[in-house]
Structure formats: C-alpha cells, structure tokens
Amino acid sequence: MPKIFHIITYGCQMNQYDSSALREYLEIRGHKWTDDVQSADFIVVNTCAVREHAQNRALGRIKGLVSAKRKNPALEIGIMGCVAQELGEKLFEKIPELDFVIGTDQIPVIAQIADGTIARGIFVQTRQNFYGVESNAHINSGRVSSFVTIMRGCDNFCSYCIVPYVRGRERSLPPDRIIAEIENAVANGVREITLLGQNVNSYDYGGLDFPELLEMVANIDNLARIRFVTNHPKDFSEKLLDIVEKYPDKIPPAFHLPIQSGSDNVLHAMNRKYTSEQYFDIVDSIYKKFPDAAISTDIITGFPGESEADFDATISAMKRVRFSGTFSFRYSVRQGTAASKLLDNVPNDVKIERLNRVISTGLEIAEEYSQNLIGTVQNVLVEGKSRKNPGKLRATAPSGRTVLIDENSANIGDIVTVKITDAKIWILWGEYP
Ligand code: SAH
Ligand code: SF4
Ligand code: F3S
C-alpha cells in the first residue's frame, strides 16, 4: 500500500538535502507526498543535535505528533537524522509510540519500512561507504537553487561539536556522481548549486581536491552559479581563490568562513587548529583578490573559560573582518564531546549578554556591507516572485543578498544586471541601469 507521507526537517542544509533526496526516493517507489502533515499516514522527522535547543524542539514536535496516533493507530511516525543517531534506542524510552529510529547512514531503510518489506524498529549502524540515498533530489522541485552534498561526516572534532559523533567519519563522494547529479539538476531547471560539506576544503577523492572539483563543476554547461559551504579556515587554500578568480561569472566571491571566536585561547580550547592571525591572513588574501567579497561567519559565545578579554577579541575580529553576515550561538554543552568535560563556567546571563552584543555588532556591520553596495552594478539571479512585495521579483546578488527587482522585466532563472538603488540590512533594491 502506498503511503501518504510528509517529512519535517530541522537542522542544517545537509539535513535539508537528505530530506529532499528521501522525498524523491519515496516518490519514485510510488509513495505520495503531502504538504499537509495532518493528512499524512507516514511522517518522518529529520532532526538536528547540534545544540540542546535544536534537539528539544525536534523532540517536542514528535511528542506532539505521536498524540495523534491515539485517534489514528495506523499512523506511522519515525525519526531520522542526528538526534536519531545520537540517542538511538533511548528514544523509545522517551517516546514509546515511535515506530522507527533511523541513523544518519541508514536512510534507505525508511523506504523499506514504507514499502512494508521490513519490520519497523531501530537502525543506527554506521556505514563508512554510505554516500546518501541514490536519487535525484531536484526533479520537479521547481527551484532555481538547489543543494548537492559532496561529502558526509566530519573528522575535525572541534571540542564543542557533536557532528563527528552523529554523522560519522568524513567521506568524499565520487566526483562522477556529483557531476551527474548536478547535470541532472540543471536539466531539470536548476540554475544555482550549493555544494555542501562540513569542511568542503578537505574534500579528497583519490587525490582530487576541492578546487579541482569546483573547476569541474564550473565547466558544467548551463549552470549559472556555484556556491559552497562550509569553509574551515584550517584547510582554506590560495588554490581555491585561484579557481574562484578564474570563473568570475559562475563562482561569486562569497565565503562562509566560521571564525567561532577571536581569542587564541578559546580557539585552542575549541580545537579549531588556527589562530586569529592565521584567520586574518586568509581574510586579507580574500579581500586582496576580491575587494567586494562577502565573508560570513559563525560565532559561539560563552565557551568554557571565555573571559571578557577573550570576548572583546571576538568583537574586534568582527569589526576587523567586516562580516557580511554572522550566525551566532550561545554555547550549548553536548554530551560526549571533549568540551563537555570542561567546566561550563560562563554564567547563562553572561552567555546571553555576549550573544546579544555579537548580534548587534553583526547587524551593524551587515547593514554597512549592504549600504556600501548602493550605486554598484550587480548580476543577480532571479529566484521567484517576492511573497512580501507584490509586483517584485526576488533575486540574489553574488554576495547572497536578496535583491528586489520589477516583476515584468525578467524571467525566473535569468541572470540580469541591475544597479542597486537602496539597501536595508538583508535586502537590496535593484533597477535596470
Ligand atoms: N562544519 C561547520 C559547522 C557546522 S555546525 C564548521 O566547522 O564551521 C554550525 C555551527 O553551529 C558551528 O559553526 C558552530 O558555530 C555552532 N555550534 C556547533 N556546536 C555548538 C555547540 N555545542 N554550542 C553552540 N554552538 C555550536
Ligand atoms: Fe563540528 Fe568542527 Fe566538524 Fe564543523 S568542522 S562539523 S564545527 S567538528
Ligand atoms: Fe544539526 Fe546534524 Fe546538521 S547536528 S547542524 S543537522 S549535521
């Protein structure tokens, strides 16, 4: 019996990718997607464990969903993703009504459960040769921009981070599989691809490195634009900058380069393997080649032992680099990580107060970044109609900023050249020059 299914997704772009790949994988087996979770008889929740708050949100949602099983006992509800991998069978203790728990290397099992060919249960074995479900997540998505995962897992063991424990060891996907997937996406109308990995700079498939892969992708016909996340400063290379420079129309100089902290003591305790000086050297080499580069970042406040002076170094680093965007997080202890053995000694109100200072500094410099674009001419990719601004199309600038332009002047998927006339923090207005 085909299932009517829905997938709820929490977490990062990797999870979004896995969910859309799973959706298509189930659809080609005859199961029917529904946008409306109430009308589904098979619900999968894809979860994130990176911070306690993220984990609790997902578990709270599942608890809400399982109460519907009292009225409809045929309803099947399962959990996949990072919390499933982390907690495994403990999830059945927390939520006995769950039907299945699927670890990050076991996604195809969900299709077997939906098909009814194996019994429900718990499947969390790790598989180093698991590269993601064989499917094409881009068919009929109707989207201009799409993700392609190029590597899974992480070997970096930043001391605060649970990802290496829940996503397993790092593995790079074969380039022919990546290229075939992107070609297929392009044939289905996708114009922009974002290559995904926890540390794309350490991509290595039999000696083929990330800049070489990027160049192969840049040579795919009809692909308008390529982005990539995340860059780890310890593996960032000049060779990558050379490839970005070689394909100016295809690869915008936009780099998500998480700094995490501006203090060398904290960076060391975080096991990030670079100093603030090394980070600034990378930033200088980026701005030297691309004076208008967009450099965005992640910052954690209140890591164990972070002093006021350490924190000030983070704020100074933000001002020095002039990030186009900052994602900031309050430190959250994750069981099993190296940092969980350190004394979590920054009081919660201090963590929050520092977080607020990072947020306000981040907004100030992001606004300045946008204001500086007024008067410039930008090639923007038209993504779709703006929902909030009738009569406007929503496009993206090379930096990643949203640009609103007049509706009647371009088609979805076009790259058009506009002059920026006005700017708010995250939104620019463009007109034809
Ligand atoms: N691989 C990426 C990050 C993935 S997780 C990288 O290395 O940059 C996304 C962000 O979540 C991290 O950059 C970090 O800022 C934040 N994060 C990870 N673990 C955290 C924790 N325990 N508490 C607070 N923030 C955390
Ligand atoms: Fe976590 Fe560090 Fe790996 Fe990023 S590089 S996923 S922060 S361990
Ligand atoms: Fe969260 Fe897992 Fe991504 S822990 S950030 S969903 S890799």
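Which residues are around ligand 3?

1. The residues around ligand 3 are G11, C12, N15, C48, A49, V50, C82, R167 and Q198, where a residue counts as near a molecule if one of its heavy atoms lies within 4 Å of it. By class, this shell has 5 nonpolar, 3 polar and 1 charged residues; Ala, Val, Leu, Ile, Met, Phe, Trp, Tyr, Cys and Pro count as nonpolar, Asp, Glu, Lys and Arg as charged, and the others, Gly among them, as polar.

2. On the basis of the note: this is a predicted model, in which local features need pLDDT of at least 70 and side-chain atom pairs count only at pLDDT 80 or more, while totals for chains, interfaces and linings use all residues. Residues are numbered from 1 along each chain as its sequence is written, chains are lettered from A and ligands numbered from 1 in the order in which they are written, and side-chain values use heavy atoms, with hydrogens and water left out.

3. The shell of ligand 2 consists of C154, N156, F157, C158, Y160, C161, V163, P164, Q198, H232 and R272, and these residues divide into 7 nonpolar, 3 polar and 1 charged.

4. Around ligand 1 there are 15 residues, of which Q198, P258, Q260, D298 and S332 come nearest; by class the shell has 6 nonpolar, 4 polar and 5 charged residues. Strand 15 (294-301) and strand 16 (325-330) each supply at least two residues of this shell, strands being DSSP runs of E with at least two residues and helices runs of H or I with at least four, numbered from the N terminus.

5. Among the polar contacts (pairs of N or O atoms within 3.5 Å) of ligand 1, an oxygen atom of the ligand lies 2.7 Å from a polar side-chain atom of Q260. One nitrogen atom of ligand 1 is 2.8 Å from an N or O atom in the side chain of Q198, and a backbone N or O atom of Y160 lies 3.0 Å from a nitrogen atom of the ligand. The protein covers 90% of the 540 Å² of accessible area that ligand 1 has on its own, as computed by the Shrake-Rupley method with a 1.4 Å probe.

6. T361, in helix 13 (residues 348-371), counts as buried because its relative accessibility is 9%, the limit for buried being under 20% relative accessible area (1.4 Å probe, protein chains only). A polar atom of the T361 side chain lies 2.8 Å from the backbone oxygen of R357.

Note on methods. A polar contact is a pair of N or O atoms within 3.5 Å; within protein, one must be able to donate a hydrogen and the other to accept it, and residues adjacent in sequence count only if both atoms are side-chain atoms. Buried means under 20% relative accessible area, exposed over 50%, partly exposed in between (1.4 Å probe, protein chains only).
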